[in-house]
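This report describes selected features of one protein model. The sequence and the structure are shown first.

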Amino acid sequence: MAFEPPRRLVRALGETAPAGDDWLARLPGIAERAVARRELTVERVQVPGGRSSLVVLVRQADGTPAVLKLAPPRARPESERAALAHWGGRGAVQLLASDADDSAEGALLLERLHPDVSVRSLPEAKALLEAAGTLRRLWVEPPADHVFETVAERTGRQAVAMRAGAERDLEVAALVGAALAARDDLLVAPPEERLLHGTFRQSKVLAGERLPWLAVGPDPVVGENAFDLARLVRDRVEDLIASPAGASITRRRIKRLAESLEVDQERLRGWTLFRAVESGVRAVRVGRPRDGELLLEFAGWL
């Protein structure tokens, strides 16, 4: 079978690929080796799929359905593998197998969920409730000897790019300044240190058999719970921006999520601001100005 990467993946990786990166060119060979090594039967490539990996629906030698996920090194597949192993299926998709060859090529063999049914398909209020409940199960103590990136480290890298973006566009300089000031304050005394999903949103929660909803696609990081919850606040940002009451809906959402997950409301607001500005500046930088405008307008409400 030809392992043709979906256009969405090609476009997304093209936005961030370092000079000389040839992972997409090598992907068909990587996929063929991973399939042969596990004696998998390929059903189809998931389309439109994700923005950082190829997802292939497969069956194992005994007929059990599974998912083969292939990601380039810059997507940190080893970090995802370690997080899924630590969660052990608690709130997240189950890692089915791991060996040295898989690790070398960024391959993950995962429990099959329902790839076309995410919590985003539910009405908004129900979707937020189910997503929040899933996220709560993921917040556990990290392994004592963990090598996961910390919130301070990740946001430190992001802050460098944000400053550069502000220098090129004076209109966003005030928002960037507010976001960076919020980050500085939030890093002084974080209330807890947990293993976080890192990129959690409604579309990252899929219907399953073991549990009704399970998280997929983590980019794990260690830090406080409010950082993880912040990305969920802006879900369906297009609908929020289109609503005349978008700003008040956002404030109520922050309050409701903070109370339901026992997170400090002001810390959640601060991380929501930082993450929205960071995503907005990055979207503009990689050539998605419409996405950037939406995110920066949302950030202005905070």
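With which residue does Asp184 form a salt bridge, and how far apart are the closest N and O atoms? The partner is Arg183, and the closest N and O atoms are 3.7 Å apart. The model is a predicted one.

## Salt bridges

Asp184 is partly exposed, with a relative accessible area of 43%. Arg183, by contrast, counts as buried because its relative accessibility is 11%, and buried means under 20%. Elsewhere, salt bridges that share partners join Arg76, Glu149, Arg154, Arg157 and Asp219 into one network. Within this group, the side chains of Arg154 and Glu149 meet at 2.9 Å, N to O. Both of these residues, Arg154 and Glu149, are buried.

In total, the count comes to 22 salt bridges. One of them joins the side chains of Glu141 and Arg194, at 3.0 Å from N to O. Glu141 lies in the loop between α5 (124-138) and α6 (151-168), while Arg194 belongs to strand β7 (residues 194-196), so this pair ties together parts that are 53 residues apart in sequence. Arg194 counts as partly exposed, at 24% relative accessibility.

## The sheet of β6, β8 and β9

Three strands form an open sheet in the order β6-β8-β9, with antiparallel pairing.

Strand β8 (residues 205-207) is joined to β6 by two bridges, and the two strands run antiparallel. In this pairing, His114 stands opposite Ala207 of β8. Helix α5 packs on the sheet, where it touches β8 and β9, and its direction makes about 55° with that of β9.

## Strand β5 and its partners

Strand β5 (residues 107-111) is largely enclosed by the rest of the structure, because five of its five residues are buried. Strand β3 (residues 65-70) runs antiparallel to β5 and is joined to it by five bridges. Here Leu70 stands opposite Ala107 in β5.

Strand β4 (residues 95-97) also pairs with β5 in the antiparallel sense, over two bridges. In that pairing, Ala97 stands opposite Leu109 in β5.

A search of the whole structure finds three aromatic pairs. In one of these, Phe227 and Trp271 are arranged edge-to-face, at 5.1 Å centre to centre and with 85° between the planes. This pair links distant parts of the chain, with Phe227 in helix α8 and Trp271 in helix α11 (residues 265-285), 44 residues apart. Phe227 counts as buried at 2% relative accessibility, and Trp271 counts as buried at 0%.

Ring pairs also bring in Phe274, which is linked with Phe227 and Trp271 into a cluster. What sits over the ring of Phe227? The charged end of Arg275 does so, at 4.3 Å from the ring centre.

How values were computed:
Residues are numbered from 1 along each chain as its sequence is written. This is a predicted model: local features need pLDDT of at least 70, side-chain atom pairs count only at pLDDT 80 or more; totals for chains, interfaces and linings use all residues. Side-chain values use heavy atoms; hydrogens and water are left out. A salt bridge is a side-chain nitrogen of Lys or Arg within 4 Å of a carboxyl oxygen of Asp or Glu. Helices (H or I, at least four residues) and strands (E, at least two) are DSSP runs, numbered from the N terminus. Buried means under 20% relative accessible area, exposed over 50%, partly exposed in between (1.4 Å probe, protein chains only). Two strands pair if DSSP finds at least two bridges between them. Contact means heavy atoms within 4.5 Å. Axes are lines fitted to C-alpha atoms, for helices over the stretch in contact, and angles run from 0 to 180 degrees between N-to-C directions. Rings of Phe, Tyr and Trp (its six-membered ring) pair if their centres lie within 6.5 Å; planes under 30 degrees apart count as stacked, over 60 as edge-to-face and the rest as tilted. A charge sits over a ring if NZ of Lys or CZ of Arg is within 6 Å of the ring centre and within 35 degrees of the ring normal.
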